[in-house]
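Visitor: I would like to learn how to read a model like this one. Please take me through a few features.

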Amino acid sequence: MESTEKLTDTNAILAYLYETFPLCFIAEGETKPLKIGLFQDLAERLADDSKVSKTQLRVALRRYTSSWRYLKSVKAGAHRVDLDGQPCGELEQEHIDHAQAMLKESQDKAKAKRAAQAPKPAQKAAPKKSPKKVAVPPRKTERPAKAAPKAEPAVNLVQAQLTDLTKKQRVNVKLGMTPVAGVITDINKEDVHVQLDSGLTVKVKAEHILL
């Protein structure tokens, strides 16, 4: 009893066609252009065969006729064949042109796909830039600190008495916190006139004069 299990895989259906119609469908090597309207002949021949459906046959036939090796066989001088491998006339130029255009388009798509899937070459790492050298300003040579002026030896001044004072005597007059040097120009009773070294003349009491 013949098996009624249907073939659903396209490759399995093609294998079935290679086995059933070996003069029409070529499994390996160069193929032959198929007769125009071959699908109708194929459907009639397999009408009682429950293994394949018309839908699956159409898919398998489209796969076969769109393969590169089939499109390459559609060329000038080639003859179409029927299911039994019998010649069915030469190819027309428009059919040849159409097949070559389909072949080129398919090959271009395959090439683009391979290019897209190809691993990209590792990009060379950019050379690391050496850190910029920051110019360090030359250090300023520290000048030796100026020696502090030597303090003049302290002079112990004492308050003068009126009787100790005379004209043209050098004395110091207490003006504020610092005594100011000068020369006595006149003594009038308790008032003593002193011309300071700055040129200013002051009148003070004896108690403001230091010796």
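**Helix H1 and its cover**

Guide: Contact means heavy atoms within 4.5 Å. Helices (H or I, at least four residues) and strands (E, at least two) are DSSP runs, numbered from the N terminus. This is a predicted model: local features need pLDDT of at least 70, side-chain atom pairs count only at pLDDT 80 or more, and totals for chains, interfaces and linings use all residues. Residues are numbered from 1 along each chain as its sequence is written, and side-chain values use heavy atoms, with hydrogens and water left out.

Visitor: Which residues of helix H1 are buried?

Guide: Buried means under 20% relative accessible area, exposed over 50%, partly exposed in between (1.4 Å probe, protein chains only). In H1 (residues 10-20) the buried ones are Thr10, Ile13, Leu14, Tyr16 and Leu17. They lie on the same side of H1, because their arc around the axis is only 155°. The arc is that of the directions from the helix axis to the C-beta atoms.

Visitor: What does Asp9 do at the start of H1?

Guide: A polar contact is a pair of N or O atoms within 3.5 Å; within protein, one must be able to donate a hydrogen and the other to accept it, and residues adjacent in sequence count only if both atoms are side-chain atoms. Here a side-chain oxygen of Asp9 comes within 3.2 Å of the backbone nitrogen of Asn11.

Visitor: Is Thr31 buried or exposed?

Guide: Thr31 counts as buried, because its relative accessibility is 5%. It sits in the loop between H1 and H2. Its side chain makes a polar contact of 3.1 Å with the side chain of Ser73. Beyond four places in sequence, Thr31 touches Ile26, Tyr64, Arg69, Tyr70 and Ser73.

Visitor: Where is Thr65 found?

Guide: Thr65 belongs to helix H3 (residues 54-65). At 25% relative accessibility, it counts as partly exposed. A polar atom of its side chain lies 3.4 Å from the backbone oxygen of Arg62.

Visitor: How do I read the faces of a strand?

Guide: Side chains in a regular strand alternate between the two faces of the sheet. In strand S6 (residues 201-205), Val202 and Val204 form the covered face, while Thr201, Lys203 and Lys205 form the uncovered one.

Visitor: In which sense do S5 and S6 pair?

Guide: Two strands pair if DSSP finds at least two bridges between them. Strand S5 (residues 191-196) and S6 run antiparallel, over 5 bridges. His193 stands opposite Lys203 in S6. Their hairpin has 4 residues between the strands, and Gly199 takes a positive phi near 100°.
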